Amino acid sequence: MENKKFVRVGLGVYIINDKKQVLFGKRKGAHAKGDWSAPGGHLEFGESWEECVTREVTEEVGIEIENIRFGTVTNDIFQKDSKHYITIHMITDYKSGVVQLLEPDKCSEWKWFDWENLPSPLLVSTQNAIKQGFNPIK
């Protein structure tokens, strides 16, 4: 039987607070361990982008968001992990709640960052979005 690799659809959520900062978490686990990324995950079958954004933010950080909008799309190849993603980058505004570490097996911490002073290393998809000129604060 042939071993085929498939492209997956990922979704990143750039949450902007009232200080114009963006939320990033430090990844744990098998995929992109040690990289900083926005909350997000896989788009599930039959799910809209907005539904995915809301679900992932609730599952990962437990806050309320509003004003969900499209940012950009990137084609991301993670050489080290032998994975290929099409990533949909969405932008939202923080509405209420306290950021919580709800999936400690996937993320070690969450922090707010100024867009001009992002942590390193960034997830490949975020790096690719920035190369395209993506800036959720604009």
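Q: What counts as a helix or a strand here?
A: Both are DSSP runs, numbered from the N terminus: helices are H or I with at least four residues, strands are E with at least two.

Q: Where do the residue numbers start, and what sort of model is this?
A: Residues are numbered from 1 along each chain as its sequence is written, and this is a predicted model in which local features need pLDDT of at least 70, side-chain atom pairs need 80 or more, and totals for chains, interfaces and linings use all residues. Side-chain values use heavy atoms, leaving out hydrogens and water.

Q: Pockets, then. How much space is in the largest pocket?
A: About 700 Å³. A pocket is an open set of points on a 1 Å grid over the protein atoms alone, where a 1.4 Å probe fits, with protein on both sides within 12 Å along at least five of seven lines; lining residues have an atom within 4 Å of a point. The volume is the space filled by probe spheres set on the points, which are joined across faces, edges and corners.

Q: How many residues line the largest pocket, and which lie nearest its centre?
A: The lining has 37 residues. Arg27, His31, Gly40, Gly41 and Glu60 lie nearest the centre.

Q: Which element gives the most to that lining of the largest pocket?
A: β1, with five residues. At least two residues each come from β1 (8-16), β2 (21-27), β4 (40-42), α1 (49-60), β6 (83-96), β7 (107-114) and α2 (124-131).

Q: New topic. Which strand holds threonine 87?
A: Threonine 87 lies in β6.

Q: Is threonine 87 buried or exposed?
A: Threonine 87 is buried, because its relative accessibility is 7%. Buried means under 20% relative accessible area, exposed over 50%, partly exposed in between (1.4 Å probe, protein chains only).

Q: What does the side chain of threonine 87 make a polar contact with?
A: The side chain of aspartate 76, at 2.6 Å. A polar contact is a pair of N or O atoms within 3.5 Å; within protein, one must be able to donate a hydrogen and the other to accept it, and residues adjacent in sequence count only if both atoms are side-chain atoms.

Q: Which residues does threonine 87 touch?
A: Gly10, Gly12, Thr72, Val73, Thr74, Asp76 and Ser125, leaving aside residues up to four places away in sequence. Contact means heavy atoms within 4.5 Å.

Q: How many aromatic pairs are in the whole structure?
A: A search finds 10. In one of them, phenylalanine 24 and phenylalanine 113 have ring centres 6.3 Å apart and planes at 75°, so the pair is edge-to-face. This pair links distant parts of the chain, with phenylalanine 24 in β2 and phenylalanine 113 in β7, 89 residues apart. Rings of Phe, Tyr and Trp (its six-membered ring) pair if their centres lie within 6.5 Å; planes under 30 degrees apart are stacked, over 60 edge-to-face, the rest tilted.

Q: Why does phenylalanine 113 count as buried?
A: Its relative accessibility is 15%. Phenylalanine 24 is buried too, at 0%.

Q: Which residues do ring pairs link into a cluster?
A: Tyr14, Phe24, Trp36, Phe113, Trp115 and Phe134.

Q: Backbone now. Which residues does a cis peptide bond join?
A: Serine 120 and proline 121, with omega about -5°. Proline 121 is in the loop between β7 and α2. Most peptide bonds are trans, and most residues other than glycine have a negative phi.

Q: What is the phi of lysine 20?
A: Positive, about 65°, although lysine 20 is not a glycine. Lysine 20 sits in the loop between β1 and β2. Lysine 20 counts as exposed because its relative accessibility is 52%.

Q: And what about serine 82, what is its phi?
A: Also positive, about 50°. Serine 82 is in the loop between β5 (64-78) and β6. At 46% relative accessible area, serine 82 is partly exposed.
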